[in-house]
Amino acid sequence: MEEYYHWRELLKTVKEAGAMNSISKNERTDKAFDDAVIRLVEFEKEHKLV
């Protein structure tokens, strides 16, 4: 169950970073979004979710 909550938190972070990037697109928000996506994809690969 702990892994599920961690995955949900990562997904939430990606959505929030994406929303912020669409509102205020700049180098900092691009990096935040990219980093969030990378962390989510790494987690999903590690746990064979993709």
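Modeller: What follows starts with the whole chain, turns to the salt bridges, and then moves on to the parts around them.

This is a predicted model. The chain has two helices and zero strands. Helix 1 covers residues 2-23. Helix 2 covers residues 27-46. The C-alpha atoms fill a box of roughly 35 × 15 × 15 Å, taken along the principal axes. The chain has 50 residues, and 18% of them count as buried. Its accessible surface comes to about 4,100 Å². Carbon and sulfur atoms account for 57% of that surface.

Now the salt bridges. How many are there in the whole structure? A search finds three.

Take Lys-12 and Glu-16. Their side chains meet in a salt bridge, at 3.9 Å from N to O. The cut-off for such a bridge is 4 Å, so this pair counts. Where do the two residues sit relative to each other? They are four residues apart in helix 1, which means about one helical turn separates them. Lys-12 has 43% relative accessibility and is partly exposed. Glu-16, with a relative accessible area of 47%, is also partly exposed.

Turn to Asp-35 and Lys-31. Here the side chains meet at 2.7 Å, N to O. These two residues lie four apart in helix 2, so about one helical turn lies between them. Asp-35 is partly exposed, as its relative accessible area is 26%.

That leaves Lys-25 and Asp-30. Their closest N and O atoms are 2.6 Å apart, and the two form a salt bridge. Lys-25 is exposed, because its relative accessibility of 61% is over the 50% mark. Asp-30 is partly exposed, with a relative accessible area of 25%.

Asn-21 belongs to helix 1. What does Asn-21 touch, once neighbours within four places in sequence are set aside? Its contacts are Asn-26, Thr-29, Asp-30 and Phe-33. Asn-21 itself is buried: its relative accessibility is 10%, and the limit for buried is under 20%.

Next, the nonpolar core. Which residues make up the largest one? There are six: Leu-10, Val-14, Ala-17, Ala-36, Leu-40 and Phe-43. Helix 1 and helix 2 are the elements that give two or more residues to this core. In soluble globular proteins, nonpolar side chains tend to be buried together. Val-14 shows some of the contacts here. Leaving out residues up to four places away in sequence, Val-14 touches Phe-33, Ala-36, Val-37 and Leu-40.

Glu-3 is a helix 1 residue. A distance along the chain gives some scale. Glu-3 and Lys-15 are twelve residues apart, and their C-alpha atoms are separated by 18 Å.

Now the aromatic rings. The count comes to two aromatic pairs. One of them joins Tyr-4 and Trp-7. The ring centres are 6.2 Å apart, with 35 degrees between the planes, and the pair is tilted. Tyr-4 and Trp-7 are three residues apart in helix 1, so about one helical turn separates them. Tyr-4 is partly exposed at 40% relative accessibility. Trp-7 is partly exposed too, with a relative accessible area of 22%. Ring pairs link Tyr-4, Tyr-5 and Trp-7 into a cluster.

Together with Met-1 they make a nonpolar patch of about 400 Å². Met-1 lies in the segment before helix 1. Met-1 counts as exposed, because its relative accessibility is 70%.

Notes. Residues are numbered from 1 along each chain as its sequence is written. This is a predicted model: local features need pLDDT of at least 70, side-chain atom pairs count only at pLDDT 80 or more; totals for chains, interfaces and linings use all residues. Side-chain values use heavy atoms; hydrogens and water are left out. Buried means under 20% relative accessible area, exposed over 50%, partly exposed in between (1.4 Å probe, protein chains only). Contact means heavy atoms within 4.5 Å. A nonpolar core is a set of buried Ala, Val, Leu, Ile, Met, Phe, Trp, Tyr and Cys residues joined through side-chain atoms within 4.5 Å. Rings of Phe, Tyr and Trp (its six-membered ring) pair if their centres lie within 6.5 Å; planes under 30 degrees apart count as stacked, over 60 as edge-to-face and the rest as tilted. Patches are made of residues with over 30% relative accessible area and no salt bridge: like charges are joined within 9 Å, nonpolar side chains (Val, Leu, Ile, Met, Phe, Trp, Tyr) within 5 Å. Accessible areas come from the Shrake-Rupley method with a 1.4 Å probe; for residues, only the protein chains shown count as cover.
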